[in-house]
Amino acid sequence: MSAPPEVGIVMGSDSDLPVMAEAGAALERFGIVYEAVIASAHRHTEKVMRYARGASGAGLKVIIAGAGGAAHLAGVIAALTVLPVIGVPVATEHLGGIDSLLSIVQMPRGVPVGTVAVNGAYNAGLLAVQILALEERVLQDKLLRFRQEMAAQVEEKDNRLRREGFKF
Ligand code: RP5
């Protein structure tokens with residue numbers, strides 16, 4: 001039997017999938033079990049309420065919620081659970097995602113949503129891993145190695161630039 005999910009990735013529509021898949025990629029990189037759910041705050045409010053209210057009891061520890069436009073999904077979930085909620089503003093065709101960003105980030109005092117960049121789902125996944133790592137030394141070590149790998153890549157790029165100079 002597989003382990004129960006620790007992170008819920010919720011999105012407003014299947015059109016959010018290409019962006020939100022990045023959150024799943026980050027979680028998979030660190031071996032975190034997650035579930036992905038489509039549950040729109042406006043088109044299926046009852047489903048969102050059911051999911052958010054049951055999330056803690058179901059064993060979830062963090063919820064990542066991504067939506068675009070009048071993006072109320074993360075805020076509604078945050079209102080219904082005390083689990084940490086990370087909001088991902090999904091880029092939109094007409095306003096480029098500034099609408100999603102402002103809808104998610106401007107939560108009222110008392111009900112926080114930790115908001116990442118527009119289409120920043122990979123970072124949302126990483127942040128969820130960092131939250132889970134508070135209680136898990138092995139995960140902390142994996143995160144430290146990940147940071148070291150990134151630093152090594154910067155060094156590699158810098159060395160190549162010094163070796164080869166600018167190429168246009
Ligand atoms: C939001 O409206 C969804 O999160 C999505 O980003 C956007 C468009 O949804 P679709 O019309 O593609 O279903 O609720």
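A residue counts as buried when its relative accessible area is under 20%. Keep that cut-off at hand for these exercises, which work through a predicted model.

**Exercise 1. Which residues of H5 are buried, and what do they pack against?**

Step 1. Start with the helix itself. H5 covers residues 121-133, so it has 13 residues, and its first and last C-alpha atoms lie 18 Å apart, close to the 18 Å expected at 1.5 Å a residue.

Step 2. Apply the cut-off. The buried residues of H5 are Ala121, Ala124, Gly125, Leu126, Ala128, Val129, Leu132 and Ala133.

Step 3. Recall a rule about helices. An α-helix has 3.6 residues a turn, so residues three or four places apart point the same way.

Step 4. Find the neighbours. The partners of these buried residues are strands S1 (7-11), S3 (62-68) and S4 (85-90), together with helices H1 (17-29) and H6 (137-164).

**Exercise 2. Describe how H1 and H5 pack.**

Step 1. Two packed helices are described by the angle between their axes and the distance between the axes.

Step 2. Read off both values. For H1 and H5 the angle is about 35 degrees and the axes are 7 Å apart.

Step 3. H1 and H5 make a right-handed crossing.

Step 4. Look at who touches whom. H1 brings Val19, Met20, Glu22, Ala23, Ala25, Ala26, Leu27 and Arg29, while H5 brings Ala121, Tyr122, Gly125, Leu126, Ala128 and Val129.

Step 5. Sort the residues of this contact by type. Eleven are nonpolar, one is polar and two are charged.

**Exercise 3. Explain why H5 and H6 are called oblique, and list their contact.**

Step 1. Take the geometry. The axes of H5 and H6 cross at roughly 140 degrees and come within 8 Å.

Step 2. Compare with the cut-offs. Angles over 145 degrees count as roughly antiparallel and those from 65 to 115 as roughly perpendicular.

Step 3. List the contact. Tyr122, Leu126, Val129, Gln130, Leu132 and Ala133 of H5 meet Arg137, Leu139, Gln140, Leu143, Phe146 and Arg147 of H6.

Step 4. Sort by type. The contact of H5 with H6 holds eight nonpolar, two polar and two charged residues.

**Exercise 4. Check the span of H6 and find its buried residues.**

Step 1. Work out what to expect. At 1.5 Å a residue, the 28 residues of H6 should span 40 Å.

Step 2. Compare. The end C-alpha atoms of H6 are 41 Å apart, which agrees.

Step 3. Pick out the buried residues. In H6 these are Leu139, Leu143 and Phe146, and they pack against H1 and H5.

Step 4. Gly165 follows H6 and has a positive phi, near 70 degrees.

**Exercise 5. Describe the packing of H2 and H3.**

Step 1. H2 (residues 45-55) and H3 (residues 73-80) pack at about 45 degrees, with axes 8 Å apart.

Step 2. Name the arrangement. H2 and H3 are therefore oblique to each other, and H2 passes H3 in a right-handed crossing.

Step 3. List the residues in contact. Val48, Met49, Ala52 and Arg53 of H2 meet Leu73, Val76, Ile77 and Leu80 of H3.

Step 4. Sort by type. Seven residues of the contact of H2 with H3 are nonpolar, none is polar and one is charged.

Methods:
Residues numbered from 1 in each chain as written. Predicted model: local features only at pLDDT ≥ 70, side-chain atom pairs only at ≥ 80, totals over all residues. Heavy atoms only, no water. Helix = DSSP H or I, 4+ residues; strand = E, 2+ residues; numbered from the N terminus. Buried < 20%, exposed > 50% of the residue type's maximum accessible area, 1.4 Å probe, protein only. Contact = heavy atoms within 4.5 Å. Axes fitted to C-alpha atoms, helices over the stretch in contact; angles between N-to-C directions. Parallel < 35°, antiparallel > 145°, perpendicular 65-115°, else oblique. Left-handed = near helix turned anticlockwise from the far one by under 90°. Nonpolar A, V, L, I, M, F, W, Y, C, P; charged D, E, K, R; others polar.
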